[in-house]
Amino acid sequence: MAGPRANWKGYIKFGEVSCPVALYTAASSSERIAFNTLNRKTGNRVRREFIDGETGDPVERENQVKGYEVENGQYIVLEPEEVAAAIPESDKTLKIEAFIPCSQIDTTYFDKPYYLAPDKMGTDAFLLLRDGMKKEQVAGIARTVLFRRLRTVLIRPHGKGLIASTLNFDYEVRSSEKAFEDMPDLKIEGEMLDLAEHIIGTKKGSFDASTFDDRYEAAVAELVKAKIEGRALPKRKAPVASKPSDLLQALRESAGMGAKEAKPKRTAANANRGAGRAKAATATKSKPASAPARRAS
């Protein structure tokens, strides 16, 4: 059986040491259920067409060109050869510029992951790099041209090989200040913090991606199967809204402390007084009720 096809081949270099490597896609959405757009009346698949925004006429592929809008409705035309000339030259080398502690990695910048493996020769140098980074608990920062753009790549040990994650540029990552600007400056402590720590302690586990199910994908697959078999799926029940509760009570319930306290048992004297009140109430009920007094008009 043929192995996976490499997305990119080149060299990885650290110091004066280099070895040939290959990049392989680590994550893909090709296995997801995909839909085609159909004509409801004919059942035929429809195709997309580029239409001139002013004339409404179809524009053939050879007449399509890239343009950058400089003002409202005004564009600078960029010919294919001009765009190609802007692509940086590539020496097909992932040159590690620095090694950084793994604890400093900000995962917000992660873009796409690729498996990085030795390509035929140079396995010794590849293993030296992998094991050295494992021992020092560091990751490598490298740059190279990938898929027509100069990309920054984070390289880390992963299993028997390395994993190379392309990183978003700084201008692509939005600042968190706007998202958190309304956060109150509060310090949680005391019983609430103790309960939170207790709940976290009881929920500790390990990362296992196989336990994460794509419920939407499964639901769509079941819908398609039901359509093929000519049966209808049962209607989904409306979700029940959770009852509002204060934070401390919710924490207590989560920690298994939400059960209501048992009512104190009555003493013999209290029981006798209760029985006396019950008899009096019974005697009162046995007397005929007098007619209600009318209010003066």
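The largest pocket holds about 260 Å³ of space in this predicted model, in which local features need pLDDT of at least 70, side-chain atom pairs count only at pLDDT 80 or more, and totals for chains, interfaces and linings use all residues. Residues are numbered from 1 along each chain as its sequence is written, and side-chain values use heavy atoms, with hydrogens and water left out.

A pocket is defined on a 1 Å grid over the protein atoms alone, as an open set of points where a 1.4 Å probe fits, with protein on both sides within 12 Å along at least five of seven lines; lining residues have an atom within 4 Å of a point. The volume is the space filled by probe spheres set on the points, which are joined across faces, edges and corners.

The lining of the largest pocket consists of Phe50, Arg61, Gln64, Val65, Lys66, Leu78, Pro80, Val83, Ala84 and Arg148. It divides into 6 nonpolar, 1 polar and 3 charged residues, where Ala, Val, Leu, Ile, Met, Phe, Trp, Tyr, Cys and Pro count as nonpolar, Asp, Glu, Lys and Arg as charged, and the others, Gly among them, as polar. Helix H1 (residues 80-85) gives the largest share of this lining, 3 residues. Helices (H or I, at least four residues) and strands (E, at least two) are DSSP runs, numbered from the N terminus.

Strand E3 (residues 66-71) is hardly covered, with 0 buried residues among its 6. Buried means under 20% relative accessible area, exposed over 50%, and partly exposed in between (1.4 Å probe, protein chains only). E3 runs antiparallel to strand E4 (residues 74-78), and 5 bridges join the two; strands pair if DSSP finds at least two bridges between them. Glutamate 71 stands opposite glutamine 74 in E4. The two strands form a hairpin with 2 residues between them, and glycine 73 in the turn has a positive phi of about 80°.

| Residue | Phi | Relative accessibility |
|---|---|---|
| Glutamine 137 | about 55° | 59%, exposed |
| Arginine 148 | about 80° | 53%, exposed |

The whole structure contains 0 disulfides, a disulfide being a pair of cysteine sulfur atoms within 2.5 Å. Cysteine 19 is buried at 1% relative accessibility, whereas cysteine 102 is partly exposed at 34%.
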